[in-house]
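Subject: Structure handover

Hi,

Here is the structure I promised to pass on.

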Amino acid sequence: MAEKLIGKDFTPQDVQAKVMGTGKYSEDFRKEGMCYMKMLLSPMPSANVTSFDASEALAMPGVLGILTADEVPAADEPSYPMLTNKPRQLGMPIAAIAAESEQIASEALEKIKVAYEPQPFVLDPLESLYPGGPNALESGNVTGGGEGNLPIHKRKWSARDFAEAGDDKLPMGEAPVEWTVGDVDAAFADAALIIDEPFVTASSSHQALEPRSVLSYWENGKCFIHGSSQSQSWMMPGLARMMDVSLDDIVYVAEFCGGGFGAKASPYPVQGMTAYMSKKIGRPVMLRVTRAEEYHLGGTRPGFQGQVKLGFDANGKMTAADLYIVQSGGPNRGSGDYSSAAGALALVYTPTNMRFRGAAVVTNKPWHVSQRGPGQNQLATVVEPLIDRVAKELGIDRVAIRDLNAPEADVQFTARNSTVTSMYLKEAYKLGAEKFNWEEKKAMSGQRNGSKVIGVGVGSAYHSAGSNGFDGLISIRPDGKLYVHSGVGNLGTYSYAGTCRAAAEVLGSSWENTVVLRGDSRHGLPWTLAQFGSNSTFTNTRTNFVAATKAKEMLQNLAAQELGGEPGDYEVADEKVTNSSDATKTMTFAEAGAKAIELGGAWDGTEYPDNLNDVTKAALKNVQGAGLVAVAKDELPKEGSVPGMAAAFCMIELDTDTGKYELLEMHNIADCGTVLHPMGLQQQLRGGAVMGIGEAVLDRMVYDPQNGLCATVGLYQTKPPSIMDVPSVIETDAVNKPDPQNPFGVKGIGEPAMGSAASALLSAISDATGTYFNRTPVDTDMIINALSGRPQSIKPLQVNV
Amino acid sequence: MQKKFSSDRYDPLSTEKDDVSRRHFIKGVIAAGAVAGTATMVTGCSDSGDSSGGSAAGSVERMISINVNGMSRTVDVAANETLAHTLRNKLGLTGTKIGCDRGSCGACTVMIDGVTQNSCSILTHTVRDAAVVTVEGVGGGNGQMHAVQQAMIEELAPQCGFCTPGQVVSGVALLQRNPNPSREEVRTALAGNLCRCGAYNNYVNAIVKAAGSA
């Protein structure tokens, strides 16, 4: 179809509020009678509270109440508790105090007399897997999401496993998760080149600029929560369960969110804690989470310790891959990064034979959760530099070897024989190589100017970027406007808006006449997936497509019923439904909305299909009778993973005297299907590149091994890239070929846009230094050590440094 | 440097203007009697720099007048209260964001006599004789938009938007002192404003564009 809105730029409705400072984030709300809450956090990485006396604190003027672990729902390991007397992480909340001011609450916390019995703790997964090593939780030390979604259990490897590995190789005991494709041993036996390397990717904090502050209050039996979250409707069921109320009794407001990157995707404990405190003391409660608290509670990307063995034929085709990942989590189940990493290796390089083994180990470190490109982006930083090494050893061009190994649309990958909905990674390499002028730049590699040397890099990444099966909801009201109800969150990608344009597109309605309802559950917002996994663009163009298609049918039926003729005689465009052979038979959106209210029943949302999610059904109570209401579940066919792919190219000039370098040029190229919103895409490709630079060379969490204390509790201690760390201009482009399983051809991109840039930068650093570091982040010390021939001060599998 | 840190004894009630420094700020907070307990020191979550001010011994509120966005505002301020807190919680100017409360992120950037400062690291009573301009005031008040803000909309500069008020203020302050900055000068001016979404390119584009249109 010749789209009017898809693929065009527009100004999302919330941009003005952002630049004017009028957009309200959770901490910007005020409520009559509002008081403040502060949390008592564990001062040890693992401890049992043996005595607790808050009497002196509670006697202080201005103190309004305390909330302790026995007053909130208990969480069984490995769930992360709201409050606990057995903190298993430095900074885990034990109790909270509410007071008239934050200062009084802070002072009251100091007056609580707590005695702790320190418990054994563990920060390095390998230490926990060693015979007799500590378990981070009483229930065990191994669990994890994804394919390794196993019950928590105790697992120890043998001392022999460790002794055989030595310091330079990952010990590889029995793995809780394992799968194999083909005959890996035979393939290695036949390989022309084998590389076998240990690697580490550091845990890193999400570091959203907005800490996760919460305002909560109760009115007429309803629990109001103003939260900072990536998601909107996705929050509802979890919050209702957390507060033990029905969906109808949760009001969730999250119009703006100051960044999440995966750590604000789902309901989190401090939201419930604030609401329980409010319920207990009968006052609106504000919890302003501090930056330091955010490092403890705000999410950390799991780190990897691993071993990767890759076999290639003489042409550079990857014929064998053997990947072992030990994932470092927090004191909670954590994510499936390690199994996603294996999937990425299987898809991006299509090894003919592959084995994956993995273990997700819990530690007494902060809450660990998916971060942008969970697993896939770590994998990209590990494997992409090694692909360069292979290319150089085999004398093959570095882009050509990637092109040779890149998947086609008919690829099948992992032991599940997963398929994809579309695949244009080869095209992304081609486009990027042209834009970057690869041939010319490659010739500059190694060029010296005094102490400076040129390095050229290329990298790529993948993320499964789309889902299906969620609900769409739109209403056409007597004011003549098209209302698109969006349950998507506002992470800052503007995909909430871009996907709503799909509904206007289907109905031939102008964007100016379209109202996006979002950010407050009282608008009546349908069920959709969390705004994570780069899924919103694919998922919610589908939901809005099905809802708008249904609205179109309803308008045609309504016009035929009221004006005569058959529904097929009517066309919907320009905010009206008109008989194609008799233009006098026409009904405006305003008239249709009014008529639908008059007719009621299935016309105005009073009656609805039974296949809708409970969240959508609850939302409809706020929409019924507002106009013509079209609601539908996305049951369009979908088969396979929706791959968002990105390829990046960059050039650096590295000073061999100082180890510092300047990023001279960077291009980030997307395969995101048809481009939905060009400026939004450019933002994601640039923003992903910036965060990728952080992943490659800056972001890390550091712990003191003796006391288990965290050394990175400030932005100055684990600094995200500033404007001076990134190129002045990051060039972007897209293959712009449609995905056949989306009505508009679109798919997501936010996450691979980070891994591509991270791996391209590492590739360039390796190109300039001739060293493959097998670790992220690569810092200046490591570069200087490599250039001066000194051994690295960090051992190959050492973590938390 | 000697001049900047000349006074070892910090007088929170002094009206004498001085270069504002983090060290100066911390001394002020300590003088005003903020608390820092052992447990919170371990987690790094101590409140010694919290902006809320309030009840601590020796931090009685007193009424002062400050000039914000061209208007004289009278407000009760504790001796250890930061400008970010006063703006957000007492004057209703929540456009100024607190990302770290430690002078690291720049989300709380305001202009004080035309110079950008982290308002989380400024004690309110030190700006009594100064003109404070926040994101709400850069367009001249009454909801008018500054060219930098208009350009940021056109360039789709913000992503999550949390750092945006600081980027706006830094951009406006730059154009006031340098109406035609180079791209490199814009980058330098934004060096103290972290953006985790990585929207830096677009912020620079917008400020360069605003300079061209001003």
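Let me start with helix H8 (residues 269-281) of chain A, which lies across E1, E3, E4, E10, strand E11 (222-226) and E13 of chain A. H8(A) runs at about 40° to E10(A).

Before going on, some housekeeping. This is a predicted model, where local features need pLDDT of at least 70, side-chain atom pairs count only at pLDDT 80 or more, and totals for chains, interfaces and linings use all residues. Residues are numbered from 1 along each chain as its sequence is written, while chains are lettered from A and ligands numbered from 1 in the order in which they are written.

As for the terms, helices (H or I, at least four residues) and strands (E, at least two) are DSSP runs, numbered from the N terminus. Axes are lines fitted to C-alpha atoms, for helices over the stretch in contact, and angles run from 0 to 180 degrees between N-to-C directions. Two residues are in contact if their C-beta atoms, placed from the backbone, lie within 7 Å. Two strands pair if DSSP finds at least two bridges between them.

The seven-stranded sheet

Seven strands of chain A make an open sheet with mixed pairing, in the order E3-E4-E1-E13-E10-E11-E12. Its edges are strand E3 (63-68) and strand E12 (250-253) of chain A, each pairing on one side only. On average, neighbouring strands here are turned by 25° against each other, direction ignored. Inside the sheet, strand E10 (residues 214-219) and strand E13 (residues 285-287) of chain A pair in the antiparallel sense over three bridges, with A:Ser216 opposite A:Val285 in E13(A). H3(A) also lies across part of this sheet, namely strand E1 (35-41), E3 and strand E4 (93-99) of chain A, and runs at about 30° to E1(A).

Strand E24 (residues 576-579) of chain A is joined to E25(A) by four bridges, and A:Val577 stands opposite A:Met587 in E25(A).

On the H16(A) side, A:Leu555, A:Leu558 and A:Glu562 meet A:Ala592, A:Lys595 and A:Ala596 in H17(A). By class, the residues of this contact are four nonpolar, no polar and two charged (Ala, Val, Leu, Ile, Met, Phe, Trp, Tyr, Cys and Pro count as nonpolar, Asp, Glu, Lys and Arg as charged, and the others, Gly among them, as polar).

Another helix pair

Helix H12 (residues 398-405) and helix H13 (residues 425-436) of chain A have axes that come within 9 Å and cross at roughly 160°, so H12(A) and H13(A) are roughly antiparallel to each other. The contact uses A:Val399, A:Arg402 and A:Asp403 of H12(A) together with A:Lys426, A:Tyr429 and A:Ala433 of H13(A). Those residues split into three nonpolar, no polar and three charged.

Where the chains meet

The contact between the chains takes 60 residues from chain A and 52 residues from chain B. On the chain A side, helix H1 (15-20), helix H3 (102-111), helix H9 (291-297) and helix H19 (678-697) are the elements that give two or more residues. H19(A) has the largest share, seven residues. That side of chain A has 29 nonpolar, 22 polar and nine charged residues.

A bit of chain B

In chain B, strand E3 (residues 109-112) and strand E4 (residues 115-118) run antiparallel and are joined by four bridges. E3(B) and E4(B) form a hairpin with two residues between them, and B:Asp113 in the turn has a positive phi of about 50°.

Cheers

Conventions
Angles under 35 degrees count as roughly parallel, over 145 as roughly antiparallel, 65 to 115 as roughly perpendicular and the rest as oblique.
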